[in-house]
Amino acid sequence: MTDLHATPHIARESGTFAIGGDLPVHRLGFGAMRIVGEGVWGPPRDRDEALAVLRRAVELGVNFIDTADSYGPQISEQLIREALYPYADDLVIGTKAGFARTGPAQWHILGRPEYLKQQVELSLRNLGLERIDLLQLHRIDPEVPLADQLGALVELREQGKIRHIGLSEVTVDELSAARAVTPVASVQNQYAPSFRQSEDVLEQCEKDGTAFLPWAPVGRGELAGPGSPLTAMAAEHGVTPVQLSLAWLLHRSPVMLPIPGTSRVAHLEENTAAAAVRLTEAETERISQYLGT
């Protein structure tokens with residue numbers, strides 16, 4: 001096992017990537033969805049632990065945090081500000097807009113330009129920022145022209161309130177259509193060693209030098225538990241299945257920025273230690289084949 005106390009900034013070992021070409025971050029980041037209540041709704045069960053997770057992430061060298069206005073809603077952003085403001089100069093916070101929330105586990109796509117603008121203004125206030133480094137459209141609203149949705153974000157960028165624009169859960173065709181409106185700095189799709197339906201999108205991001213942020217990077221829990229199919233291989237490396245999964249992602253592509261999330265410091269430390277796990281090409285391919293593609 002990696003000694004976290006001997007490597008206090010271990011996230012740095014994951015390498016770096018420049019989002020949008022000008023925002024260098026360590027490739028292993030932190031996803032702040034799980035620091036709020038059950039169903040991604042309301043305050044966390046343990047507020048002190050949630051704040052400790054955010055502070056510990058930065059201590060471990062994480063300098064990219066992914067959140068969204070809909071996590072809580074707004075509570076994740078507020079916790080980030082409470083824990084980390086004033087922010088370190090190299091800390092990049094990405095947030096998202098495009099969902100309306102009506103209750104626990106209830107998500108409604110809403111991409112009307114006036115709504116997106118309103119939510120970005122709320123995010124600026126909640127995070128205590130004058131400009132959001134990365135604002136991702138959380139989902140494309142099929143009821144609103146894409147040019148109108150992205151146009152609202154472009155307008156905010158021209159006003160200096162957004163630095164870069166990204167997308168979430170898109171196809172290659174949707175990515176191409178978006179690029180006809182604005183440069184796209186990032187794509188955030190579901191992707192894990194056991195879930196690779198977005199392989200074509202990842203390959204397009206590699207060609208374009210676009211950051212690819214895999215959400216649910218260790219699957220829906222199937223790679224993390226005691227019955228994980230990676231248990232035996234992880235034992236060969238002296239790591240956990242979660243660490244092996246995250247290491248596989250980091251080795252899969254240089255544009256990959258995994259953002260594992262948790263509400264517990266112990267789990268955060270386990271996740272972040274994956275930055276130091278080294279796999280050969282043969283080992284990476286072995287995992288790929290074992291998990292089915």
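The model is predicted: local features need pLDDT of at least 70, side-chain atom pairs count only at pLDDT 80 or more, and totals for chains, interfaces and linings use all residues. Residues are numbered from 1 along each chain as its sequence is written, and side-chain values use heavy atoms, without hydrogens and water.

UniProt, in an unreviewed entry, places the feature "domain: NADP-dependent oxidoreductase" at residues 27-289; such annotations may be inferred rather than shown by experiment. The end C-alpha atoms of this span lie 24 Å apart, and the span is 40% helix and 18% strand. Helices (H or I, at least four residues) and strands (E, at least two) are DSSP runs, numbered from the N terminus.

Strand β8 (residues 132-137) has 6 of its 6 residues buried, that is, under 20% relative accessible area with a 1.4 Å probe and protein chains only. Strand β5 (residues 92-97) pairs with β8 in the parallel sense over 4 bridges, where pairing requires at least two DSSP bridges. In this pairing K96 stands opposite Q136. Strand β9 (residues 162-168) also pairs with β8 in the parallel sense, over 5 bridges, and here Q136 stands opposite G166. Together with helix α4 (residues 146-158), β8 and β9 make a right-handed β-α-β unit.

The count comes to 1 cavity of 30 Å³ or more, a cavity being a set of points on a 1 Å grid over the protein atoms alone where a 1.4 Å probe fits but cannot get out. The largest cavity has a volume of about 40 Å³, the volume being the space filled by probe spheres set on the points. Helix α9 (residues 265-272) gives the most to its lining, with 3 residues. Lining residues, which have an atom within 4 Å of a point, include F30, V62 and P260.

Terms used. On a 1 Å grid over the protein atoms alone, a cavity is a set of points where a 1.4 Å probe fits but cannot get out, and a pocket is an open set with protein on both sides within 12 Å along at least five of seven lines; lining residues have an atom within 4 Å of a point. Buried means under 20% relative accessible area, exposed over 50%, partly exposed in between (1.4 Å probe, protein chains only). A crossover is right-handed if, with the strands pointing away from the viewer, the path from the first strand over the helix to the second runs clockwise.
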